Amino acid sequence: MNGGMNGPRPLAAAVCDWVAAQAPAAGRPALLMLSGAQGIGKSHAMRALAGLAGLRVCTLGLDDFYLGRAERLALGRQVHPLCATRGPPGTHDLPLLHGVLDRLTGAAATTATPIPLFDKRSDDRLPASAWRQFAGRPDIILIEGWLMGALADPAAASAPPVNPLERDEDSAGIWRGWQEAALAGGYQRLWDRADAFLHLIAPDFGTIMAWRTEQEAETQGVAL
């Protein structure tokens, strides 16, 4: 789906239509995964899902499942310094995410499921006392994130650096190899749980950069 040509409202409506079409026929919640470039409008679409009539949708952001700052700093010491920076495969707490999915899938009408929240300003997960709660059993669980469904590249180990960062700071390919191993392992097991995927396509890289700049300004509370 092209996410850049129609604006945020039509995009959100299209995502809502897609989610509604995935309503489960079986007795368990449908697990959907939404991907797309940063700033393309995934979060806006997720907020619009709250208004879907007749469906209880639990929305999760993959960003809220980043490893805490202390855990990533430990990875930076043990594996490679770049592992301390959140974002790439390997920097998410997948056991925590699987636990939340298991609880939501098996929830009863009276179940309250804690949903983690990550604070990007402090670069750390908020304490459990600040997490939001999802009440009851969802019809649909939707996870959004830029890398949902991304597959490992078997040729990565022998491939040249893809950018100056890899060339200058990961010349031995340790960081890249660590990411590929994460994609082939824990992330693949997460993708295998999905019932359906939707990818939003931006019109060009320049648009992605503009969207990303706006998103960062909003996160930092800066007026452009």
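Leaving aside neighbours within four places in sequence, Leu101 is in contact (heavy atoms within 4.5 Å) with Leu31, Leu60, Ile141, Ile143, Leu190 and Arg193. The structure is a predicted model, in which local features need pLDDT of at least 70 and side-chain atom pairs count only at pLDDT 80 or more, whereas totals for chains, interfaces and linings use all residues. Residues are numbered from 1 along each chain as its sequence is written, and side-chain values use heavy atoms, with hydrogens and water left out.

The chain contains 7 helices and 8 strands, where helices (H or I, at least four residues) and strands (E, at least two) are DSSP runs numbered from the N terminus. Of its 224 residues, 43% count as buried; buried denotes under 20% relative accessible area, exposed over 50%, and partly exposed the range in between (1.4 Å probe, protein chains only). The chain exposes about 11500 Å², of which carbon and sulfur atoms supply 56%; accessible areas come from the Shrake-Rupley method with a 1.4 Å probe, and for residues only the protein chains shown count as cover. Among contacts with a separation of 6 or more, 76% are between residues 24 or more positions apart.

In soluble globular proteins, nonpolar side chains tend to be buried together. A nonpolar core is defined here as a set of buried Ala, Val, Leu, Ile, Met, Phe, Trp, Tyr and Cys residues joined through side-chain atoms within 4.5 Å. The largest such core has 23 residues, and those with the most contacts inside it are Met33, Leu60, Leu97, Leu101, Leu104 and Ile143. Two or more residues of this core come from each of strand 1 (30-36), strand 2, helix 4 (94-105), strand 7 (140-144) and helix 6. Another core, of 22 residues, lies apart from it and includes Trp18, Met46, Leu49 and Ala202.

Strand 7 pairs with two other strands, pairing being assigned if DSSP finds at least two bridges between the strands. Strand 1 and strand 7 run parallel and are joined by 5 bridges, with Leu142 of strand 7 as the bridge partner of Leu32. Strand 2 likewise pairs with strand 7 in the parallel sense over 5 bridges, and here Ile141 of strand 7 is the bridge partner of Cys58.

Leu52 is placed in the loop between helix 2 (42-48) and strand 2 and is buried, with a relative accessible area of 17%. Beyond four places in sequence, Leu52 contacts Cys16, Val19, Ala20 and Val57. The C-alpha atoms of Leu52 and Val19, 33 residues apart along the chain, are separated by 9.1 Å. Cys16 is buried at 9% relative accessible area, and Cys58 is buried at 0%. The number of disulfides (pairs of cysteine sulfur atoms within 2.5 Å) is 0.

Rings of Phe, Tyr and Trp (its six-membered ring) are taken to pair if their centres lie within 6.5 Å; planes under 30 degrees apart count as stacked, over 60 as edge-to-face and the rest as tilted. By this rule the count comes to 2 aromatic pairs. The rings of Tyr66 and Phe118 have centres 5.3 Å apart and planes at 70°, so this pair is edge-to-face. The pair links distant parts of the chain, 52 residues apart: Tyr66 belongs to the loop between strand 2 (57-61) and helix 3 (69-78), and Phe118 to strand 4 (residues 118-119). Both Tyr66 and Phe118 are buried. The pair formed by Tyr187 and Trp191 is tilted, at 5.9 Å centre to centre and 50° between the planes. Tyr187 and Trp191 are separated by about one helical turn because they lie 4 residues apart in helix 6 (residues 174-191). Tyr187 is buried with a relative accessible area of 2%, and Trp191 is buried with 5%.

Phe118 is also among the residues touched by Arg72, which is placed in helix 3. Arg72 is buried, with a relative accessible area of 0%.
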